[in-house]
Amino acid sequence: MDFLEEPIPGVGTYDDFNTIDWVREKSRDRDRHREITNKSKESTWALIHSVSDAFSGWLLMLLIGLLSGSLAGLIDISAHWMTDLKEGICTGGFWFNHEHCCWNSEHVTFEHRDKCPEWNSWAQLIINTDQGAFAYIVNYFMYVLWALLFAFLAVSLVKAFAPYACGSGIPEIKTILSGFIIRGYLGKWTLVIKTITLVLAVSSGLSLGKEGPLVHVACCCGNILCHCFNKYRKNEAKRREVLSAAAAAGVSVAFGAPIGGVLFSLEEVSYYFPLKTLWRSFFAALVAAFTLRSINPFGNSRLVLFYVEFHTPWHLFELVPFIVLGIFGGLWGALFIRTNIAWCRKRKTTQLGKYPVVEVLIVTAITAILAFPNEYTRMSTSELISELFNDCGLLDSSKLCDYENHFNTSKGGELPDRPAGVGIYSAMWQLALTLILKIVITIFTFGMKIPSGLFIPSMAVGAIAGRLLGVGMEQLAYYHHDWGIFNSWCSQGADCITPGLYAMVGAAACLGGVTRMTVSLVVIMFELTGGLEYIVPLMAAAMTSKWVADALGREGIYDAHIRLNGYPFLEA
């Protein structure tokens, strides 16, 4: 009975919210392939058709990589510019962000490299002065106003044009890859609106990241490009192989981590992942990362804002604080999942869910009002993470590097551990307040009707906790280098402890606690930071956080959201 050629109405097409028949899709593809192979022996034209059919998969991967890399570059550049717009504007050209504005300036000193006459804060533009209480109030007001404007635009666009563009998108993509059909979830409207509103949501200063939504954007690109190829347009199972590769390309551009992207797709989102898909994911992730690198969105030839290089070796004893950070990450992950799911359930079951715009505006207003007075919450979360990951050199002007220098600076190389100065003590206070704000506000932010990723806020929570612990360890080693635990490896005037490394390990631990990733998380972290010698600390923290979080709650945040939304997701 050869009904596979001429489908009976209702066979071969699926309704919305149905599950595909993997076996039938596979057998249809096999029959199609057999037919093409048999015909290819008959004529040259059929042979060319057979070759182009085999090649179409790789061509599709190339297109997905190019498109998602370009969109990621566009999102990065726009978000950077609009984040700075909340604080001021460049008179030399309004399209420059703060950093680019001061690059071309003639009047920049090294100490005040972020202050240049071309960059004007809103107070300078409106009342011609940047000093005094009134100027501060004007800047404060403009900051909150821009944040509310961006958030209002984002939530209005999502509500009006593409309701599917909200959230992170990873739970739904997991569900779609397991064979479920959600029509329009990966459509062109969702792609356009998600790209625009993602920039707006990130710029509004809310506690969310762009990494999860970039996976959704890349999968939309993959789904739309599938329609150009007959082989993928008509076969749902083949299309899901393409979407697995697109998810890898999405993580690749989000973190500049191509191999981490492939592993993320394999470990976290994919359901059916044959070996052929592995090679294709690798290729798509490579092309996407290459495209983003050629756009160079941050102007430092890196793919992410927070790239660091540490070279100080770590000591075996330091595994103890690293495991403590792992425990913290697991506890935070379990706490976050419980509270966030409870809040999302409340939103679904009460009147709250009927007013998405009001909810977004209230959360944005609270975030902006609390964020402005503290410089660490005022900056964008990616910049905060890059500041926390940073290892202090001689030329660093940040408060986190305000050590008292009691040594001869002429000898280059590593700086020894030094006593903390006034700046560090005030930075520690501000970071502790930042930590509390991020922990609380992220619970209410994730799951609102705007694009919101969870990777960056979780990394920020972990990085703050890690940096606090790292500075504490460093001061302990400085003042008590004769203790038994330190005296074997930490002599006076040596550089023993790198606080930035603790921030990196803490970020990995918290991200692992929330998402329950292990292998891909460690690979993403060391691709992100270029720290190959720190694989063992990262592995220790990631495993500890997974064990602790699994002991307190079985599922990761994505599985919890799948269950909350009632999607039919079967474990493989």
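**Notes on the helices, domains and main cavity**

1. Let's start with helix H14, residues 356-371: its 16 residues reach 22 Å from the first C-alpha to the last, close to the 22 Å expected at 1.5 Å a residue. That expected span is 1.5 Å times one less than the number of residues. Helices here are DSSP runs of H or I with at least four residues, strands are E runs of at least two, and both are numbered from the N terminus. Before going further: this is a predicted model, where local features need pLDDT of at least 70 and side-chain atom pairs count only at pLDDT 80 or more, while totals for chains, interfaces and linings use all residues. Residues are numbered from 1 along each chain as its sequence is written, and side-chain values use heavy atoms, with hydrogens and water left out.

2. Which residues of H14 are buried? They are Pro-356, Val-357, Glu-359, Val-360, Val-363, Thr-364, Ala-365, Thr-367, Ala-368 and Ala-371. (Buried is under 20% relative accessible area, exposed is over 50%, and partly exposed is in between, with a 1.4 Å probe and protein chains only.) The spacing is worth a look on the model: an α-helix has 3.6 residues a turn, so residues three or four places apart point the same way. The buried residues of H14 pack against helix H5 (132-161), helix H13 (319-349), helix H15 (375-378) and helix H17 (422-445); contact means heavy atoms within 4.5 Å.

3. On to the domains. The assignment gives domain 1 (17-295) and domain 2 (316-404 + 416-563), with bounds that come from an automatic or database domain assignment. Their centres, taken over C-alpha atoms, are separated by 24 Å. The contact takes 49 residues from domain 1 and 48 residues from domain 2.

4. A cavity is a set of points, on a 1 Å grid over the protein atoms alone, where a 1.4 Å probe fits but cannot get out; lining residues have an atom within 4 Å of a point.

5. Where does the largest cavity lie? Domain 1 and domain 2 both give residues to its lining, so it lies between them. The lining has 27 residues, and Thr-83, Val-202, Ser-380, Thr-381 and Ser-382 lie nearest the centre. Helix H2 (44-85), H14, helix H16 (381-389) and H17 each supply at least two lining residues, and H2 gives the most, with five. By type, the lining divides into twelve nonpolar, ten polar and five charged residues. (Ala, Val, Leu, Ile, Met, Phe, Trp, Tyr, Cys and Pro count as nonpolar, Asp, Glu, Lys and Arg as charged, and the others, Gly among them, as polar.)

6. H2 also carries Asp-53, which counts as buried at 11% relative accessibility. Leaving aside neighbours within four places in sequence, Asp-53 is in contact with Arg-32, Ile-36 and Lys-231.

7. Two backbone spots to check. Most residues other than glycine have a negative phi. Asn-296, however, has a positive phi near 55 degrees; Asn-296 lies in the loop between helix H12 (275-295) and H13 and is partly exposed, with a relative accessible area of 25%. Arg-516 has a positive phi of about 60 degrees and lies in the loop between helix H20 (499-515) and helix H21 (519-529). Arg-516 counts as buried at 8% relative accessibility.

8. Phe-161 lies in helix H5 and is partly exposed, with a relative accessible area of 46%. Not counting residues up to four places away in sequence, Phe-161 touches Trp-189 and Ile-193. Its C-alpha is 8.1 Å from that of Thr-190, 29 residues apart in sequence.

9. Last, Ser-244 in helix H10 (residues 236-255) counts as buried at 1% relative accessibility. Beyond its neighbours within four places in sequence, Ser-244 is in contact with Leu-177, Ser-265, Ser-270, Tyr-272, Phe-273, Thr-277 and Ser-281.

Methods
On a 1 Å grid over the protein atoms alone, a cavity is a set of points where a 1.4 Å probe fits but cannot get out, and a pocket is an open set with protein on both sides within 12 Å along at least five of seven lines; lining residues have an atom within 4 Å of a point.
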